[in-house]
Amino acid sequence: YNMQGLPQSRKVDVPNNKVGLVIGKGGETIKYLQQQSGAKIQVTRDSDHDPNVQSRQVELMGTPEQINRAEQLINDVMAEAAAGGSGAL
């Protein structure tokens with residue numbers, strides 16, 4: 001029995017102006033990221049969000065591998081947008 005099998009979670013901060021990119025139109029991008037990584041990705045809702053903070057917490061849940069993959073994908077989406085792309089993969 002190993003500890004690797006237990007679901008874990010990690011919170012990453014996503015800048016407010018990038019949260020929409022991670023979620024995508026109608027949630028398309030976040031669904032894609034979840035399918036690609038196997039992790040569950042949950043973004044803090046507007047109602048739970050502190051308006052004074054410049055970033056939003058995104059929780060990644062799954063195995064360590066899934067979480068690492070999800071974090072990489074989120075960073076890729078943000079980098080793509082920063083480079084002038086649409087943010088779509």
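Modeller: In α3, the buried residues (under 20% relative accessible area, with exposed being over 50% and partly exposed in between, for a 1.4 Å probe and protein chains only) are P64, I67, A70, L73, I74, V77, M78 and A81. This is a predicted model, in which local features need pLDDT of at least 70 and side-chain atom pairs count only at pLDDT 80 or more, while totals for chains, interfaces and linings use all residues. Residues are numbered from 1 along each chain as its sequence is written, and side-chain values use heavy atoms, with hydrogens and water left out.

Colleague: How should I read the spacing of residues along a helix, and what do the buried residues of α3 pack against?

Modeller: An α-helix has 3.6 residues a turn, so residues three or four places apart point the same way. Here the buried residues of α3 pack against β1 (8–15), α1 (16–23), α2, β2 (40–43) and β3 (55–62), where helices (H or I, at least four residues) and strands (E, at least two) are DSSP runs numbered from the N terminus.

Colleague: At what angle do the axes of α2 and α3 cross?

Modeller: Axes are lines fitted to C-alpha atoms, for helices over the stretch in contact, and angles run from 0 to 180 degrees between N-to-C directions. The axes of α2 (residues 28–37) and α3 (residues 64–82) cross at roughly 140° and come within 9 Å. The two helices are therefore oblique to each other, given that angles under 35 degrees count as roughly parallel, over 145 as roughly antiparallel, 65 to 115 as roughly perpendicular and the rest as oblique.

Colleague: Which residues of α2 and α3 meet?

Modeller: Contact means heavy atoms within 4.5 Å. On the α2 side T29, L33, Q36 and S37 take part, and they meet Q66, R69, A70, L73, I74 and V77 in α3.

Colleague: Is T29 buried or exposed?

Modeller: T29, which is found in helix α2, is buried, with a relative accessible area of 15%. Leaving aside residues up to four places away in sequence, T29 touches L21, V22, I23, G24 and V77.

Colleague: How does α1 lie against α3?

Modeller: The axes of α1 and α3 come within 10 Å and cross at roughly 115°, which makes α1 roughly perpendicular to α3. In this pairing K18, L21 and V22 of α1 meet I74, V77, M78 and A81 of α3.
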